[in-house]
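Hi everyone, thanks for coming. Let's walk through one structure together, starting from the picture.

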Amino acid sequence: RIVEGIQEKKGKDIVVADLTGTDNTVCKYFVICEGDSSTHVMTIATTTKDFVREHAGEKPFSSDGYENCQWIAMDYGHVIVHVFQP
């Protein structure tokens with residue numbers, strides 16, 4: 001659902017790294033994408049958070065980076081999402 005939320009607002013270069021076969025990682029999946037501007041990064045992150053909450057009933061344990069929106073991280077426990085400007 002995270003990738004679908006990113007796609008809703010045209011996030012670019014979406015990468016899903018499957019870390020389930022790697023020992024001692026902080027998460028099982030790492031999702032990365034880009035936005036064109038601070039406004040685009042904020043919109044992608046906000047829409048993704050809302051989309052996942054609505055469709056999967058999950059919300060991030062924590063988020064960071066909304067102050068300047070150059071890079072936003074969202075921690076869903078087993079999934080960490082990074083939305084950033086190139």
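A word on the source. This is a predicted model, where local features need pLDDT of at least 70 and side-chain atom pairs count only at pLDDT 80 or more, while totals for chains, interfaces and linings use all residues. Residues are numbered from 1 along each chain as its sequence is written, and side-chain values use heavy atoms, leaving out hydrogens and water.

Now the sheet. In what order do its five strands lie? The sheet is open, runs β1-β2-β5-β4-β3, and its pairing is mixed; two strands pair if DSSP finds at least two bridges between them. At the edges, β1 (12–18) and β3 (62–64) each pair on one side only. β1 joins β2 (residues 29–34) in the antiparallel sense, over five bridges, and D18 has Y29 of β2 as its bridge partner.

Helix α2 (residues 38–56) packs on this sheet, touching β2, β4 (71–75) and β5 (79–84). Contact here means heavy atoms within 4.5 Å.

Back to H40: buried or exposed? H40 counts as buried because its relative accessibility is 16%, and buried means under 20% relative accessible area, exposed over 50%, partly exposed in between (1.4 Å probe, protein chains only). Leaving aside residues up to four places away in sequence, H40 touches K9, K10, G11 and G35. Its side chain reaches the backbone oxygen of K9 at 2.9 Å.

Conventions
Helices (H or I, at least four residues) and strands (E, at least two) are DSSP runs, numbered from the N terminus. Axes are lines fitted to C-alpha atoms, for helices over the stretch in contact, and angles run from 0 to 180 degrees between N-to-C directions. A polar contact is a pair of N or O atoms within 3.5 Å; within protein, one must be able to donate a hydrogen and the other to accept it, and residues adjacent in sequence count only if both atoms are side-chain atoms.
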